[in-house]
Amino acid sequence: MKLSTRARYGIHAMYDLALMGNDKPQPLKAIAERQAIPEAYLEQLMLVLRKEKLVTSVRGAQGGYTLSKAPAEITVGMILRALEGDLCMTDCLKFEDSCEKSGGCPTRMVVQKVYDGVNAIVDGITLQDMIASCDCL
């Protein structure tokens, strides 16, 4: 599985917000500069993250973005699903009738285990965990 640029940038932006704390909203431009993300692209990502209630926006001269929850309450899985949708690698896991072999497909079990494992991993990593173990800035 390969993380898209969208997913990587989203994780970096959320990590940045977690690291900066919620005392003061972070301007989009500052996040973009610190994380080397094109500002226009980051703006698109933040709109999605705000819609999914992972970040809050504050308007005005002192405005910017903050996390909508504590870093310990936001998982990497939440960020990835907000930006990428379901992490399912194949339609047959969601829709049994999507493939004529779905009932007896030898790879379905493998894909199911990979899907379950990936979800368990990304749902087990919070922004707080990342702060505690990563020196990415």
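## Helix α1

The expected span of a helix is 1.5 Å times one less than its number of residues. Helices (H or I, at least four residues) and strands (E, at least two) are DSSP runs, numbered from the N terminus. Helix α1 has 16 residues, so at 1.5 Å a residue it should span 22 Å. Its end C-alpha atoms are 22 Å apart, which agrees. Gly21 follows α1 and has a positive phi, near 80°.

This is a predicted model: local features need pLDDT of at least 70, side-chain atom pairs count only at pLDDT 80 or more, and totals for chains, interfaces and linings use all residues. Residues are numbered from 1 along each chain as its sequence is written, and side-chain values use heavy atoms, with hydrogens and water left out.

Buried means under 20% relative accessible area, exposed over 50%, and partly exposed in between (1.4 Å probe, protein chains only). The buried residues of α1 include Ala7, Tyr9, Gly10, Met14 and Leu17. Contact means heavy atoms within 4.5 Å. The buried residues of α1 pack against α2, α3, β1, β2, α4 and α6.

Take α3 as one partner. α1 and α3 pack at an angle of about 75°, with their axes 10 Å apart. Axes are lines fitted to C-alpha atoms, for helices over the stretch in contact, and angles run from 0 to 180 degrees between N-to-C directions. The two helices are therefore roughly perpendicular to each other (65 to 115 degrees; under 35 is roughly parallel, over 145 roughly antiparallel, the rest oblique). Residues of α1, including Tyr9, Met14 and Leu17, meet residues of α3, including Leu42, Met46 and Leu49.

## The nonpolar core

A nonpolar core is a set of buried Ala, Val, Leu, Ile, Met, Phe, Trp, Tyr and Cys residues joined through side-chain atoms within 4.5 Å. The largest one has 31 residues. Those with the most contacts inside it are Met14, Leu42, Met46, Leu49, Ile79 and Leu127. At least two residues each come from α1 (5-20), α2 (28-35), α3 (39-51), β2, α4 (76-84), α5 (108-123) and α6 (127-133). α1 gives the most, with eight residues.

Leaving aside neighbours within four places in sequence, Leu127 is in contact with Met14, Tyr15, Ala18, Leu67, Pro71, Ile74 and Ile79. Ile79 is one of the buried residues of α4, along with Val76, Gly77, Leu80, Ala82 and Leu83. Their cover includes α1, α3, α5 and α6. Just after α4, Gly85 takes a positive phi of about 85°.

## The hairpin

Two strands pair if DSSP finds at least two bridges between them. Strands β1 (residues 55-58) and β2 (residues 64-67) run antiparallel and are joined by four bridges. They form a hairpin with five residues between them. In the turn, Gly60 has a positive phi of about 110°. Across the pair, Thr56 stands opposite Thr66, and Ser57 stands opposite Tyr65.

Gly64 and Thr66 point one way from β2, Tyr65 and Leu67 the other way, and all are buried. Thr66 counts as buried because its relative accessibility is 10%. Not counting residues up to four places away in sequence, Thr66 touches Leu17, Asn22, Lys24, Pro25, Val55 and Thr56.
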